[in-house]
Amino acid sequence: MAAEHPLSAKALPLDIPRDFIFGAATAAYQCEGETLTHGKGKVAWDDYLAEKGLFSADPASDFYHRYPEDLKLCRKYGIDGIRISIAWSRIFPKGTGKVNLEGVIFYHHLFAECKAQGVEPYVTLHHFDTPDALYSEGDFLNRTTIDAFERYARFCFEEYPEVTNWFTFNEIWAAVSNMYIEGTWPRGQRYRLDLAFQAMHNMMVAHARAVLAFDELGHRGKIGVVHALSTKYPDDPANPGDVAAAAAEDVLNNQFLLDATFDGSYSDDSLACAHHLAGIAGGSLVLPEEDLGQIKAAAPLNDCLGINYYQSNFLKAYDGPNDLHHNATGEKGTERYALAGVGERVSHPEIPRTDWDWLIYPQGLYDLIMRIKDQWPHYGAILVTENGMGAKDELVDGEVHDAERIDYIRQHLSWTLKARSEGANVRGYFVWSLMDMFSWTNGYNKRYGLFYVDFDTQERIPKDSAAWYAKASKERRLDG
Ligand code: BGP
């Protein structure tokens, strides 16, 4: 399956610069297992998954015990960077207060093993797993969570000087969208764009406070935030309604957060759209002066932006009621996304989709990077911190032939390198994911890994994509 785009892959760069990081990504809750043991505190997912009775994140990929094996595989397969997240509730089981020493030591051992294997850790403080004690009091809509996050961040910066690449949050947009708009995650609220904007703002304040603390503590290393971004194209660029729909969804998904990250303030366009959409949802958005001061002070201290990119969207004008259906099963063609006051996402027969209806559109990543370079020229550095293809991989005679995933990764890497060759400071690429792991709403049949995990035995089996990735990393060429 090859995406249609104006430039064929052949016209895109094939050489990979020597200093370009060839990474792979993980997240604590999706791979560690041991979710309620070794002193770890509860997160909202624990009860939510148990109540739904669909999946369990235990033992997931058993990374808690098998990280030495996974890091050896990284080394063997040319992966020189790994995204890891710290589970906040493994450190502070209640989010704040008493520390769980066993959890603290676990991450020291993990980082030491990264070093032993020559794999650089890129560490995220929050990957969708607010401790339940804080989550149940309102998560980031309750401002005490902002204070608690800052304390947790300070603790980690002081405790883990061996880590020099930090990210505060993973995908603020995805978190709030799933909790307050799509309702597909714990909290399960729908169409509350007011709460989504408020939570995004509050999380950006928490991000800012962590960045300011990092600076105040004089830590060496780099810090930034990971955003889930996707380019929003008007379906018909000549239709003003489609253009407005694309612009509104861009504010919601991209611009509001990028304004806060890089400018430390919200543009007039973002504010007008955010207040309008919050109003349609029957609420309002409160932006205290003190918060804006903190966001402003932190903006120039961001060293790096992580971009998680999976798809882009084409938008049509829409004046109907809210109508969302999340495809969590991989039954192609079942996804619907139409938001009142925003627009309707549409697909195109010539643009391929995964079985989960995610459009495969690698040029959208290039457009995104170049837009950031042009609109926020002081962005520092960019890492593509997640990109990959979910599929129903099959193990046949001990092998997984995932040619579509190889094509997906190759195309996205090519477009990333094209942006770099045109002056964008893109430092590396992390494939999602290192190995198969738990997928939030899809459980275990949506696999992304370079390494197939037999969830019964926990055996790791390199897929064809792992061999391809290793070759590309070694030869610094994409045409292998
Ligand atoms: C990103 C998350 C990851 C991962 C990935 C794939 O949004 O940061 O944690 O899950 O998406 O998503 P999914 O597992 O829903 O297909």
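My entries follow, from the whole chain down to single residues.

**Ground rules.** I am working on a predicted model, where local features need pLDDT of at least 70, side-chain atom pairs count only at pLDDT 80 or more, and totals for chains, interfaces and linings use all residues. Residues are numbered from 1 along each chain as its sequence is written, and side-chain values use heavy atoms, with hydrogens and water left out.

**Overall.** Helices (H or I, at least four residues) and strands (E, at least two) are DSSP runs, numbered from the N terminus. The C-alpha trace spans about 55 × 50 × 45 Å along its principal axes. I then checked the radius of gyration, taken over C-alpha atoms, against the globule rule of 2.2 Å times the number of residues to the power 0.38. For 480 residues a compact globule would come out near 23 Å, and the protein's 21 Å agrees with that.

Next I looked up burial, where buried means under 20% relative accessible area, exposed over 50%, and partly exposed in between (1.4 Å probe, protein chains only). Of the 480 residues, 61% are buried. For contacts I use heavy atoms within 4.5 Å. Among contacts with a separation of 6 or more, 77% join residues 24 or more positions apart.

**α10 on α13.** At what angle do these two pack? I get about 40° between α10 (residues 240-263) and α13 (residues 363-375), with the axes 12 Å apart. Axes here are lines fitted to C-alpha atoms, for helices over the stretch in contact, and angles run from 0 to 180 degrees between N-to-C directions. My classes are: under 35 degrees roughly parallel, over 145 roughly antiparallel, 65 to 115 roughly perpendicular, the rest oblique. So α10 is oblique to α13. From α10, D250, N254, Q255, L258 and F262 meet R371, I372 and Q375 of α13. I sorted the residues of this contact into three nonpolar, three polar and two charged. For that sorting, Ala, Val, Leu, Ile, Met, Phe, Trp, Tyr, Cys and Pro are nonpolar, Asp, Glu, Lys and Arg are charged, and the others, Gly among them, are polar.

**α13 on α14.** I followed α13 to its contact with α14 (residues 403-421): these axes come within 8 Å and cross at roughly 25°. That makes α13 roughly parallel to α14. On the α13 side I listed Q363, L365, Y366, I369 and M370, which meet H412, W415, T416, K418 and A419 in α14. This contact divides into six nonpolar, three polar and one charged.

**T261, a residue of α10.** Is T261 buried or exposed? T261 lies in α10 and counts as buried, at 2% relative accessibility. Leaving aside neighbours within four places in sequence, I find T261 in contact with M204, V225, H227, A299 and N302.

**Two exposed ones.** K115 sits in α5 (residues 101-117) and is exposed, with a relative accessible area of 72%. P321 is in the loop between β8 (313-316) and β9 (323-325), and it counts as exposed at 61%. Even so, beyond its neighbours within four places in sequence, P321 touches A338 and A340.

In α2 (residues 44-52) I noted A44, W45, D46, Y48 and L49 as buried. The buried residues of α2 pack against α1 (28-31) and α6 (132-135). Just after α2, G53 has a positive phi of about 65°. As for α8 (residues 172-181), ten of its ten residues are buried. G183 follows α8, again with a positive phi, near 65°.

Most residues other than glycine have a negative phi, and most peptide bonds are trans. D357 has a phi near 70°. D357 sits in the loop between β11 (343-346) and α13 and also counts as buried, at 9% relative accessibility.

I also logged cis peptide bonds. One joins D58 and P59, with omega about 0°, and P59 is in the loop between α2 and α3 (63-76). Another runs from W432 to S433, with omega near 10°; S433 lies in the loop between β13 (426-432) and β14 (451-454).
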